[in-house]
Amino acid sequence: MLELIKELADCLSIQQKKVLRKYLTAFARRGSADTLLLKLFDLVVQHEHLTLQNAASLLYQSKSTSRAKKLGQRLYIKILDSTLIDINTTRLAKSAEHKYYVLIRVKKMLLQYYVLS
């Protein structure tokens, strides 16, 4: 799972990473800027070969990987979610041609329809 997160993180632009960090802090308690999701994301970005055991020991001070695995799955979903935030889709679409902009917006609306239905 951490390999998939690393691949996704490498595909994100600097602006998308900033939006993702703000998105991940939105899930923190009031007054706290850090979440375990954000800490795991930063670990994955900083360390080239992070293992699940290392992540578990750094985040939870434990060798048990079950919680770190679940956290990794949630982080993967949150990264994908953040790519659908309006600022990211608008920025991506505006940098491309007009047809591509319309295609991105329609796909996003279809995805929202499927989620709601």
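Reader: Why is T35 called buried?

Author: The model is predicted, and the values here are computed from it. T35 has a relative accessible area of 9%. Buried means under 20%, so T35 counts as buried.

Reader: Where does T35 lie, and what does T35 touch?

Author: T35 lies in the loop between α2 and α3, the latter spanning residues 36-46. Leaving aside residues up to four places away in sequence, T35 touches L24, T25, F27 and A28.

Reader: How much of the protein is buried, and what elements does the protein have?

Author: Buried residues make up 30% of the 117 residues. The protein has seven helices and zero strands. From the N terminus on, the order of elements is α-α-α-α-α-α-α.

Reader: What share of the contacts joins residues at least 24 apart in sequence?

Author: The share is 52%, taken among contacts between residues at least 6 apart in sequence.

Reader: Which residues make the contact of α2 with α5, and how do they divide by class?

Author: From α2 come L20, Y23 and L24, and from α5 come L75, K78, I79, D81 and S82. By class, five are nonpolar, one is polar and two are charged.

Reader: What residues form the contact of α3 with α4, and of what classes are they?

Author: L36, K39, L40 and L43 of α3 meet A55, L58, L59 and Y60 of α4. The contact has seven nonpolar residues, no polar ones and one charged residue.

Reader: What makes α1 roughly perpendicular to α3?

Author: The two helices pack at an angle of about 80°, with their axes 9 Å apart. Angles from 65 to 115 degrees count as roughly perpendicular. The angle of about 80° is in that range, so α1 is roughly perpendicular to α3. In this contact, L2, I5, K6 and A9 of α1 meet L40, F41, V44 and V45 of α3. By class, the contact of α1 with α3 has seven nonpolar residues, no polar ones and one charged residue.

Reader: K6 is in α1; how do you know whether K6 is buried or exposed?

Author: The relative accessibility of K6 is 15%. The limit for buried is under 20%, so K6 counts as buried. Helix α1, which holds K6, covers residues 2-11. Not counting residues up to four places away in sequence, K6 touches V44, V45, H47 and E48.

Reader: Why does Q46 count as exposed?

Author: Q46, in helix α3, has a relative accessibility of 59%. Exposed means over 50%, so Q46 counts as exposed. The C-alpha atoms of Q46 and K6 are separated by 9.8 Å, while the two residues are 40 residues apart along the chain.

Reader: What makes I87 partly exposed?

Author: I87 has a relative accessible area of 42%. Buried requires under 20% and exposed over 50%. The value for I87 is in between, so I87 is partly exposed. I87 is found in helix α6, residues 86-94. The C-alpha atoms of I87 and Q16, 71 residues apart along the chain, are separated by 8.9 Å.

Reader: Why is Q61 called exposed, and what is its phi?

Author: The relative accessible area of Q61 is 63%. The cut-off for exposed is over 50%, so Q61 is exposed. Q61 has a positive phi of about 55°, although Q61 is not a glycine. Q61 lies in the loop between α4, residues 52-60, and α5.

Terms used:
Residues numbered from 1 in each chain as written. Predicted model: local features only at pLDDT ≥ 70, side-chain atom pairs only at ≥ 80, totals over all residues. Heavy atoms only, no water. Contact = heavy atoms within 4.5 Å. Helix = DSSP H or I, 4+ residues; strand = E, 2+ residues; numbered from the N terminus. Nonpolar A, V, L, I, M, F, W, Y, C, P; charged D, E, K, R; others polar. Buried < 20%, exposed > 50% of the residue type's maximum accessible area, 1.4 Å probe, protein only. Axes fitted to C-alpha atoms, helices over the stretch in contact; angles between N-to-C directions. Parallel < 35°, antiparallel > 145°, perpendicular 65-115°, else oblique.
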